[in-house]
Amino acid sequence: MTQAEWQRELSDILPRVTAWRHHLHAHPELSGAETETRRFVLERLQEMGIPAVTFEGCNAVMGVLHNGEGRCIAIRADMDALPVTEADTALPFASTCPGVMHACGHDVHMALALGSALWFSQNRSRWQGTVKWLFEPQEETMGGGKWMVAQGCMENPAVDCVIGQHVNPRYAAGTFFAKPGYVSGASDDLYLTVRGKSCHGAYPESGVDAILIAAHIITALQSLVSRTISPFDPAVLTMGTIEGGQANNIVCGEVRLRGTLRTLSDKTRRDLQQRMRQVAEGIARGMGGEAVWDIRPSYGAVYNDDAAYARIERCASALLGEDRVVRREAPSLGVESFCYFLDHTPGVYYDIGSGIGTALHTPTFHVDEDVLLPGVALQCEAVLELLKKE
């Protein structure tokens, strides 16, 4: 259907989507504390007659609508807000929680998902199969998707394809922005302890300088990306903090470093982890000290399935117009917890323009509510398309 046809289809639904978004924006909750948000989502799904499932250990909610035999398609919407104080926007639905704000558009994501849920619940004669709505908590921190997946959200029935939609303030409302293949990177949290031997600064020969060892390690680590990885294979290695030392005249006995590794391919991720260990441990040992790594895997890469992406891009072009479909030139090395759902099924993650505004995660972030119509309509079109056999 065209956008004008969806305007008529959603004429009774959009006012409710707008009201839901306003309520959620006014009542944001931080990661891990989305209890009232969870209650609100549950109540809306129950009002629609959509069975809902909750999860142990987090505030996740899943709505499941069975409508005969067929494929199963899932929609992910994140729930948590950020520890940001909203600027004085004079909005009547501004955050009522000091120091907490939906500065990443998760209020919009939930409202759009509820809007598509309402449409599918009211139009069962026009589709067949199963649709799941995955409301994910803690996206900004731990990634609630891993708890949801562990407790079976991708099973019974098995999800054939999952889609994720995120507002993007860099593009006019209703612009589709995405690409096939890799969209965002994987991340690993790095913790490195370098141990030497403390001594008086006037007699360095009696100690082992952990700061000097750490300096050599940092310099060597930076060469790994530039000299052991293809320039066509994106990777970033950043050591963000360094702590150590007691006084200006004492040779430091221990240094603690923290950093992050960002990659796209699994092979590059594994290779760099191995080389980092070899370099740090070898340098430290050669200088009389010790280097101990603690590498903690975080989010994986997000990869858009080629076939599913092509089908959704065609939907976007027909719905929004070809001039509102923008292909990303390259993936980002930012991270997204949508990766946990993609571990179990193909999927597509795309941005929808929400009006030219200030950046995500800032106190002045806002959306043009003209995004609500195309946001709901595109979710509906994408699910209807993906419910069909390829």
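Guide: α2 and α4 pack with their axes 8 Å apart, at an angle of about 150 degrees. This is a predicted model, where local features need pLDDT of at least 70 and side-chain atom pairs count only at pLDDT 80 or more, while totals for chains, interfaces and linings use all residues. Residues are numbered from 1 along each chain as its sequence is written, and side-chain values use heavy atoms, leaving out hydrogens and water.

Visitor: Which residues of α2 and α4 meet?

Guide: Arg16, Val17, Trp20, Arg21, Leu24 and His25 of α2 meet Asp107, Val108, Met110, Ala111, Leu112, Leu114, Gly115 and Leu118 of α4, with contact meaning heavy atoms within 4.5 Å. Sorted by class, that contact has nine nonpolar, two polar and three charged residues. Ala, Val, Leu, Ile, Met, Phe, Trp, Tyr, Cys and Pro count as nonpolar, Asp, Glu, Lys and Arg as charged, and the others, Gly among them, as polar. The crossing of α2 and α4 is right-handed, a term for a near helix turned clockwise from the far one by less than a right angle (anticlockwise is left-handed).

Visitor: What is the angle between α2 and α3?

Guide: Helix α2 (residues 14–26) and helix α3 (residues 35–48) pack at about 160 degrees, with axes 11 Å apart, and α2 and α3 are therefore roughly antiparallel. Their contact involves Arg16, Trp20, His23 and Leu24 of α2 together with Thr37, Phe40, Arg44, Glu47 and Met48 of α3. This contact divides into four nonpolar, two polar and three charged residues.

Visitor: How do α8 and α10 pack?

Guide: Helix α8 (residues 306–320) and helix α10 (residues 372–387) have axes 9 Å apart and an angle of about 135 degrees. That value makes α8 oblique to α10. The contact of α8 with α10 has eleven nonpolar, no polar and three charged residues.

Visitor: How much space lies in the largest pocket?

Guide: About 780 Å³, a volume being the space filled by probe spheres set on grid points joined across faces, edges and corners. Of its 33 lining residues, Glu139, Glu140, Gly334, Val335 and Glu336 are the closest to the centre. A pocket is an open set of points on a 1 Å grid over the protein atoms alone where a 1.4 Å probe fits, with protein on both sides within 12 Å along at least five of seven lines; lining residues have an atom within 4 Å of a point. The lining has 13 nonpolar, ten polar and ten charged residues.

How values were computed. Axes are lines fitted to C-alpha atoms, for helices over the stretch in contact, and angles run from 0 to 180 degrees between N-to-C directions. Helices (H or I, at least four residues) and strands (E, at least two) are DSSP runs, numbered from the N terminus. Angles under 35 degrees count as roughly parallel, over 145 as roughly antiparallel, 65 to 115 as roughly perpendicular and the rest as oblique.
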